[in-house]
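I opened this notebook to record what I looked up in one structure. The entries follow the order in which I made the searches.

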Amino acid sequence: MMLDEPQFFAVFWGAMKIGAIPIPVNTMLTADDYEYLLNDSRAKALAISEELVPFINNIKGDLPYLRDMIVFSEDEAQVPFRHRFNNASPILNTEATIKDDVGFWLYSSGSTGSPKGTVHSQYSPVVVSERFAQKVLGLTENDVCLSAARLFFAYGIGNGMFFPMSVGAATVLNPNRPTPESIFNLLKRFRPTIFFGVPTLYGQMLDYKERQDRENGVSPDPNGNHELSSVRICVSAGEALPEDLYHRWKERFGVSILDGIGSTEMLHIFVANQPGDIKPGSSGKPVPGYELKIVDDLGLEVSNGEIGTLLVKGHSAAQYYWRNTEKTRSTMKGEWLDTGDKYYIDEGGYYWCAGRSDDMIKVGGIWVSPLEVESCLLQHPAVLECAVVGHPDEQGLIKPKAFVVPTEEHTYSEGLTEELKKWALDNLAKYKYPRWIEIVPEIPKSATGKLQRYKLRKTDKDREIALPNA
Ligand code: 3UK
C-alpha cells in the first residue's frame, strides 16, 4: 500500500529478490477493500506509506494472515523502516528463480464481482519492456518518462518503472493524485520525453489549457514554448481515445497521442497506434510479439469488418487468477487470452474497439456499440461526457439510452435533449440513435477512469421498479 515514491521500487524489487511476491495495491480504496485484499491474498507482510496507516488501524482485528507491517514515513526520525534498514546486513542473497516463477500480482477490478488477483511471472515485465517500450516507443536511456497512471496499475507500473528501468531511462514519480494543473507543473519542471496519460485526463488538460488561453487572451502557438515541448510521444490507454480528442491535442500541442489497448492480464499494451502509423479513433495494430484473433460466439474467426471477441496471445500473459479457477478457465484458454472486448478490423488492418462484451446492446437483432453512440454525441459541442446503455421500451425491447453531462455553457432544456437525438439520428445508422436522453451531473467511473455503464443500467432499472408510472 505505497504511494509512488522511490521506496516502492525498493520494496518491489527487494521482495522479488528474496523470492517473496510483491502485490502493489490501489491506494485510493476503503478500509473494507483493504481487508478483502489482505485476506484474499493472505499477505504476511504489509509495506505501507504512513498516510494509509489509519485504514489498517480500522481493520486490525480482522486480518488473520498479516504478521508484519513496515511503515514508510517522511519523518525519518521515528520510522520503523529506518531502524530495520540500519540494522540490516549489507549482504542479501538472491533466491534462485527462473522466468516462470511467480514474480508479482496485480489486482484487477473487473466490472463485476470482487477484484481478481492476477498472477504474473517474473518474465512478464521483460516482455512488455522489450515489445512495447523498446520496439514501439523506441525508448532509450536518454528518455525521461512521466506517467499520470500510478504504479499500482499495470499501465502505471510499466510506464513508470519497468520501461525506464529496462533501458536505464529516468522516471518522474508523483505521489499525489494527478490533476491537469499538477501534471502541467511536472511537465514544466522535469521536461519528460514521453508522457503516459488516459483519455479523461487528456480531455481535462485540454479544457484547462483552453480556458487559460481564453482568460489570457493569447492564441496558442504549437511551435512555441509550451508545457509539452519536451515530449516526443504521448501514450493513451485504459479506454478508447476519441478521435476528436486526438486532433484537438495534436493541434494545441503538436504532439501525437498513441492510443493502445492493454490489460492487467497481459500486463501492458498489445495493440497500439505506432509512431508514423496512426489511425485516430482506432487502437492501431498488433504490437510486435503479440498475435490477435477476433472470434464469434462459437470461437470461429470472423471476417474483416465484423465485430467479434478479441483474443490475444503473447508471453506477458498472466498465469492464472488467484483462487478463481472458474474465471481462470473462461479467460485463459491455452495460449489465448479472452480480453472480453468486442473489436473489428478495418480495411487498413487497424483494430477498432466496439465496447465490452457485456456492454454491447442488441437492437432489433443487431449489435449496437454504446461507444459508437457516445463518440457521436461527444462530437456535439454541448456534450462534456456521456454514457450509453440499453433501456427497455414499452414493449420491453432494448434500445439505446444516453446519460449526458453537458458542458458548462449548456444546462438542461427540452430543446437540448431533442437536439442531441436529432444529432445522433443525422450522424448514425437510424437504429442506433438514443431514444431517451437524460441529463445528469456526472457519469460513474471506476478508479481507473473507465465508464461504469453497469451502474447506470442498475440505477435505471431500480428507478423503473420504484416508479412504475414514471
Ligand atoms: C479496456 C481499452 C479501448 C479494455 C491497461 C494499458 O486498462 C488497462 O488494464 P485494465 O485491466 O483494463 C483492461 C480493459 O480496458 N481498454 C484498455 N485500453 C483500451 N479499451 N481502447 C484502449 N486503448 O476493455 C481492456 O480489456 O484496467 C492499459 C496497459 C496496461 C493495462 N493494464
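**Entry 1: cavities.** I searched the whole structure and found two cavities of 30 Å³ or more. I worked on a 1 Å grid over the protein atoms alone, where a cavity is a set of points at which a 1.4 Å probe fits but cannot get out, and lining residues have an atom within 4 Å of a point. Grid points were joined across faces, edges and corners, and each volume is the space filled by probe spheres set on the points. The model is predicted: local features need pLDDT of at least 70 and side-chain atom pairs count only at pLDDT 80 or more, while totals for chains, interfaces and linings use all residues. I number residues from 1 along each chain as its sequence is written, and side-chain values use heavy atoms, with hydrogens and water left out.

I noted about 90 Å³ of space in the largest cavity. It has 16 lining residues, and Asp4, Ser147, Ala149, Val172 and Asn174 are the closest to its centre. At least two lining residues each come from strand S5 (144–147), strand S6 (170–172) and helix H7 (180–190). Helices (H or I, at least four residues) and strands (E, at least two) are DSSP runs, numbered from the N terminus. By class I recorded nine nonpolar, five polar and two charged residues in this lining. Here Ala, Val, Leu, Ile, Met, Phe, Trp, Tyr, Cys and Pro count as nonpolar, Asp, Glu, Lys and Arg as charged, and the others, Gly among them, as polar.

For the second largest cavity I noted a volume of about 40 Å³. Its lining includes Tyr246, Ile257, Asp259 and Lys279. The classes there are five nonpolar, three polar and two charged.

**Entry 2: ligand shell.** I then asked which residues are closest to the ligand.

A polar backbone atom of Gly260 is 2.7 Å from a nitrogen atom of the ligand. For Ser263, a backbone N or O atom lies 3.3 Å from a ligand nitrogen atom. Lys450 places a polar side-chain atom 3.3 Å from an oxygen atom of the ligand. Taken alone, the ligand exposes 600 Å², of which the protein buries 90%; the areas come from the Shrake-Rupley method with a 1.4 Å probe.

Two or more shell residues each come from helix H6 (154–167), strand S9 (257–262), strand S16 (336–345) and strand S17 (351–356). S9 gives the largest share, four residues. I counted nine nonpolar, eight polar and five charged residues in the shell.

**Entry 3: second largest pocket.** I recorded a volume of about 1300 Å³ for this pocket, a pocket being an open set with protein on both sides within 12 Å along at least five of seven lines. It is lined by 40 residues, and Val11, Ala15, Ala45, Ala47 and Ile70 lie nearest its centre. Helix H1 supplies the largest share of the lining, six residues. The lining divides into 33 nonpolar, three polar and four charged residues.

Key: A residue is near a molecule or strand if one of its heavy atoms lies within 4 Å of it. A polar contact is a pair of N or O atoms within 3.5 Å; within protein, one must be able to donate a hydrogen and the other to accept it, and residues adjacent in sequence count only if both atoms are side-chain atoms.
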